[in-house]
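User: Hello! I am new to this structure and would like to learn how to read it. Could you walk me through it step by step?

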Amino acid sequence: MTEPEARRRPTARQQALLAELETLFLAEGFAGFTLDDLAARLRCSKSTLYALAPSKEQLAVKVVAHFFRGAAKRIETRIEGIDDARKLIGEYLAGVSEHLNRASPAFMTDIAQFEPARDTYQLNSRAAARRIRAFIDKGVADGVFRDVHARLVAEMTGLIVEGIQTGVLGRRTDVSDAEAFTALGELLLGGLTKD
């Protein structure tokens, strides 16, 4: 491993700090904190935080990305070995919902109001929409989903995921992102499954 590669890989202490920051941000959001606040809460120096990211804003993006990356890995592990498209969609969206349920309204508001964090959420939402489309295609190919407009349903799913991620659906319906993903799963499975 070259020296720059070694420098990019977080140490065990940095990984622990990221996990602590994730827990703190999920509970309280991140916009209201200063680096001094974070150093005091985590009982570390500001230079330790600067080793993770060169600014509070970049630290917030790093923690948001850490949250979504960890969630994606756990959800993929959760669906590993499942072959039935109905179960894939159900388990995948249940996993998304569970992970978003960990996020406080303050965290979700901070993401929505901070463009770089919002971009990270959007990137992950697009990846989720692609996975769901693949599950729908698999269900049609396997004969467990109706073939009528399956591609259209997949595209509409992508638009719904985007509506959840941008906060439009939450504002219009007064539901959390987690609740919206649960409802999306119910809608898809109820509408696609053959009788």
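Predicted model: local features only at pLDDT ≥ 70, side-chain atom pairs only at ≥ 80, totals over all residues.

User: Which elements make up the chain, and in what pattern?

Analyst: The protein chain has eleven helices and zero strands. Along the sequence, the pattern reads α-α-α-α-α-α-α-α-α-α-α.

User: What are the spans of the C-alpha trace along its principal axes?

Analyst: They are about 60 × 45 × 20 Å. As for burial, 40% of the 195 residues in the protein chain are buried. The accessible surface comes to about 10800 Å², and carbon and sulfur atoms account for 53% of that.

User: How do I read a pair of packed helices?

Analyst: Two packed helices are described by the angle between their axes and the distance between those axes. Here, helix α5 (residues 56-79) packs with helix α6 (residues 85-101) at an angle of about 150°, and their axes are 9 Å apart. Angles over 145 degrees count as roughly antiparallel, so α5 is roughly antiparallel to α6.

User: What is the handedness of the crossing of α5 and α6?

Analyst: It is a right-handed crossing. Among the residues making the contact are Phe-67, Phe-68 and Ala-71 of α5, together with Leu-88, Tyr-92 and Val-96 of α6.

User: How do the residues of that contact divide into nonpolar, polar and charged?

Analyst: The contact of α5 with α6 has ten nonpolar, two polar and five charged residues. Charged members include Arg-74 of α5 and Glu-91 of α6.

Technical notes. Residues numbered from 1 in each chain as written. Heavy atoms only, no water. Axes fitted to C-alpha atoms, helices over the stretch in contact; angles between N-to-C directions. Helix = DSSP H or I, 4+ residues; strand = E, 2+ residues; numbered from the N terminus. Parallel < 35°, antiparallel > 145°, perpendicular 65-115°, else oblique. Left-handed = near helix turned anticlockwise from the far one by under 90°. Contact = heavy atoms within 4.5 Å. Buried < 20%, exposed > 50% of the residue type's maximum accessible area, 1.4 Å probe, protein only. Areas by Shrake-Rupley, 256 points an atom, 1.4 Å probe, with all protein chains shown as cover.
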